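Let's take a walk through this structure together. Have the sequence and the 3D view ready, and we'll go from one spot to the next.

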Amino acid sequence: MNPMGTVNPGSGNIHQRPPAPSLASSSQSSTPFLSSGPMVGSEASAFRPLAPNAPQTKRSSSSSVSVFESEVSGFKPTQTGVSNDPSMLTLPSSYPPPPAGPFQHFPSPQFSSTAQLSFQGLSAPGQPVYSSPVRPPAGQVPSPPVSLYQQPQIRSVPMGSIPQTISNVPPGMNFPPSSLDSSFPTPRPNLQPAFPSYPSNPYNAVTQPSPVQSSHFVSRQGDYGPPPTGTSSPFLAHQGGYVPPPPVAAPPGVYSREQMQHQGSGPPIGAAPGLIEDFSSLYLASVPGSIDPQIDFKALPRPLDDDLEIKNLADVYPLNCDSRYLRFTTSGIPNSQSLASRWHLPLGAIVCPLAETPDGNEVPVVNFAPTGIIRCRKCRAYVNPYVTFMDGGRKWRCNICAFLNDVPGDYFAHLDASGRRVDWNERPELKKGSVEFTAPSEYMVRPPMPPLYFFLIDVSVLAVRSGMLEVVAQTIKSCLDRLPGFPRTQIGFITFDSTIHFYNMKSSLTQPQMLVISDLDDIFVPLPDDLLVNLSESRGVVDAFLDSLSFMFQENVNVESAFGPALKAAYMVMAKLGGKLLIFQNTLPSLGVGRLRMRGDDPLVYGTEKEHALRIPEDPFYKQMAADCTKCQIAVNVYAFSDKYTDIASLGTLAKYTGGQVYFYPSFHAAIHKEKLRHELARDLTRGTAWEAVMRIRCSKGVRFTSYHGNFMLRSTDLLALPAVDCDKAYAMQLSLEETLLTTQTVYFQVALLCTSSSGERRIRVHTAAVPVVADLGEMYRQADNGAIVSLLCRLAIEKTLNYKLEEARNLVQQRIVKALREYRNLYAVQHRVVGQMIYPESLKFLPLYGLALCKSMPLRGGYADVQLDERCAAGHTMMAIPVKRLLKLLYPHLVRVDGFLIKANSKADQFNISRLPLTAESLDSKGLYIYDDGFRFIIWFGRMLSPDIVMNLLGEDCAADFSRVVLSKHDSEMSRKLMAILTKLRESDTSYYQQWHLVRQDEQPREGILFLTNLVEDTVGNMNGYMDWILQIHRQVQQNA
Ligand SMILES: [Zn+2]
């Protein structure tokens, strides 16, 4: 490709442009969809434009553009792309290589003396305008904001130069030299005073277990002797240096552990044999003849097998949609409010409307044209397997609302003797719980939008030096052929540092033109028609741009970030169509609207009423931008890279309310993290995506959804606006009973996602499920879905951290579990004399452990020193959006031992199937090599006494080096190849994220503690409870008032 980082010095790249004539016209117009967004069809019928946030601009793109072109003569030539007019922005079609750095081609006098263009009137109706905070009420057309733009400045800068602007801040300002001086990737410095009580060598006292390759934990059964009296954990001896922690969220006045155990002393009385199916139990009482507690730690339940999906509902209702799309916290809906109130756990559903399906299970597409989609006239539910046909096939009864509908003539079919339509077998909508209807034109108010990807990229010095810019440019380029929606796909770019750089990508050009705007107060969009282009038409220009992008800015020393103004600019470019906005942000926004400041570095705030404010945006700009984006069908994905505070709490808001996603790469260095970024960005760009979507979930009379949790904005009480949606997003909702008593036997639920496919079809994806109504609390518990409960509980707890202290969010988790188990105990304890035992339904045997893991997860863990603020917020954003299975793995990661496999002759990575180990230091053998995999990263733990031969084979010359600086790569040895193959295999089990590896050596402190040991959720670490203490604490609380 042409080296665009060069400039032909003789070509006069900077042109002064004549002032544009002032625009007298104040014609007002509005687009057909901006006022309400493309909310279409009857799914959108309930959509109410948000009055306080009425659209800021109303414009008719066609009429306004003509105004723009005819009246702003100074601008017109640039839209033609012709290159001889001195008044236009132009680039030579080819550049010789530069003799030196690009700056010399742009002597500053050129800048200071030129490019001061007065564009009064450029903000005429054609110009998307971000208006003042005072917004007109919906329906009113704002007067043209001409006066807002008295003196905007625009500069044209040929590609290949660094936009040097007058407002440039002197190099070095706000610039962290230390992090840049080192060319070697440095370990993350950001975990602040970590675990003060962490011992330097917690393993001094560890009895080395024998190296057993698999099921190591189980093989050591019996090794656990009674713990020393008075210790708080049988493992305390192994954790010598840990300060015995106060219990997590212990309520005042609780018993000591000894008190508690004696309270329940007496011989353990097992459940009667016939009750096994009713509940499971743990013996928590003292055994006869011993004062010491005999808690069988090994017997505590652990999810070490693949998580079992709840399938029992599918047995009863085989026509239900698959649980990957829709699952309930219990598949037994309580028949009364009083029963529901005794459930205590969240009652609701998790919806993943576009969940990935195994091959061969694709959702069938049904086209009802010309009949029209069959829907209930009363409740607007879609025809589904549970509707009943009657009256010889002329009527159908809606399963949701019981209304009797007419069958349209075109859809009529006779019924057979059993009352089933004779064409039943050819009707996917009557046979399958999941179906996709082709939506006719009444479901759209504009033609289906094309897939649109817009990139807003930080090119400040940190973005360049971390290697982020180069990796992003390369990855986008490598994905261009795989972007969904060819040949309609649209693409565009803005880059920014202290100024905003637009790129004209018009297909008639051979090179993109760069336009720089440095007036951050009056953002406007130059060339509104050529900043967003059809990818296939402008492919050559886009390729040229991406090839030169990192080159162009490689000498950039700008340390500022005009992120807010740049975001507004991107919004203006995209507002007409919508689409996906991918933001790559490396520097805390420092200039213009939306600038942010350092927060969260005051430890004294933690534990006070002000603590939660750190986890929400300080500046309303971000939430307002998110609301504006949603209205214009823009979904925002935030990629944040920084080795310093970057305020994910504020940036993440953009993703939260637009159906987007937050990706966080703290202390990004391309040398170490590029594969992760490449993989995750590529997936983001190429995964199946639905556009301009809304989702609603209907349910039978008597129940209703009361709250929704995830990344979206509510358009009305029950309509979720999802500018973009993909297979990696799940949404949670809570349910309540509207009536005191349900009289029906079954409650029906129907998810309807109205969206535009990447191929440009308007579609409605419908998932329908029937759930039985139960009158018995025991049945509710039997039908409980641990994964759905944990997922919903997780979202409630994270939301709680946005308004309350972390401790209160943890309390919420604990109290819900305690209340549920207490209620359950009350069902059985007296009757079956299970004094001294902890009993729980089999379906919820892992709930306490996941509850503990949740309390120890990044969003909820500890306090100030335990998790860096940005990481906490980023993890919270992630956990609010991911599907159930991924969440469970993140909460209780997989731990496997691999050294035996590596040295075993003839073992092949594809045969690697080693059982998982409990997440406790007790599982670790200092002669072993372990992989910890939470779906987002690998931690590879090298035991202190691991064979040097293995270490040498895996790391080569690096084996003695500081592990924080070792790059794991394939070495020329069988073991190395096997290890890499194992990692690849583990990654392939779920490709939504890329597990970045971290190497940790045993006893390497504090790194081992921070990275690895704190994540062993069963252990007591710092002031966080271990599994056994947690169980005892819950048991004690369950027994109170039992
Ligand atoms: Zn109905």
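Is E692 buried or exposed? E692 is buried, with a relative accessible area of 3%; buried means under 20% relative accessible area, exposed over 50%, and partly exposed in between, using a 1.4 Å probe and protein chains only. Before going on, some ground rules: this is a predicted model, where local features need pLDDT of at least 70, side-chain atom pairs count only at pLDDT 80 or more, and totals for chains, interfaces and linings use all residues. Residues are numbered from 1 along each chain as its sequence is written, and side-chain values use heavy atoms, with hydrogens and water left out.

Back to E692, which lies in strand β19. Its phi is near 35°, a positive value in a residue other than glycine. Most residues other than glycine have a negative phi, and most peptide bonds are trans. Strand β19 covers residues 689–699 and also holds I697. I697 is buried too, at 5% relative accessible area. Setting aside neighbours within four places in sequence, I697 is in contact (heavy atoms within 4.5 Å) with L326, V351, F705, Y708, M733, Q750 and V751. The C-alpha atoms of I697 and F749 are 6.8 Å apart, although 52 residues separate them along the chain.

Now zoom out. The protein has 27 helices and 30 strands; these are DSSP runs, helices being H or I with at least four residues and strands E with at least two, numbered from the N terminus. Of its 1042 residues, 62% count as buried. Among contacts with a separation of 6 or more, 79% join residues 24 or more positions apart.

What sits inside? The largest nonpolar core has 189 residues, and L326 and F493 have the most contacts inside it. Such a core is a set of buried Ala, Val, Leu, Ile, Met, Phe, Trp, Tyr and Cys residues joined through side-chain atoms within 4.5 Å. Beyond its neighbours within four places in sequence, F493 touches residues including F454, I476, Y503, L531 and F545. Another core, of 59 residues, lies apart from it, with L596, A626, A649 and V662 among its members. In soluble globular proteins, nonpolar side chains tend to be buried together.

For a pair of helices, look at α18 (residues 786–800) and α22 (residues 884–891), whose axes come within 9 Å and cross at roughly 75°. That makes α18 roughly perpendicular to α22, a label for angles of 65 to 115 degrees. Here G787, A788, V790, S791 and C794 in α18 meet V884, L887, L888 and L891 in α22.

The loops deserve a look as well. Q995 is in the loop between α25 and β30, and it counts as buried because its relative accessibility is 1%. Its contacts, apart from neighbours within four places in sequence, include K889, D933, F936 and L986. L527, in the loop between β14 and β15, has a positive phi of about 50° although it is not a glycine. Finally, two peptide bonds are cis with omega near 5°: one from F486 to P487, and one from Q1005 to P1006.

Key:
Axes are lines fitted to C-alpha atoms, for helices over the stretch in contact, and angles run from 0 to 180 degrees between N-to-C directions. Angles under 35 degrees count as roughly parallel, over 145 as roughly antiparallel, 65 to 115 as roughly perpendicular and the rest as oblique.
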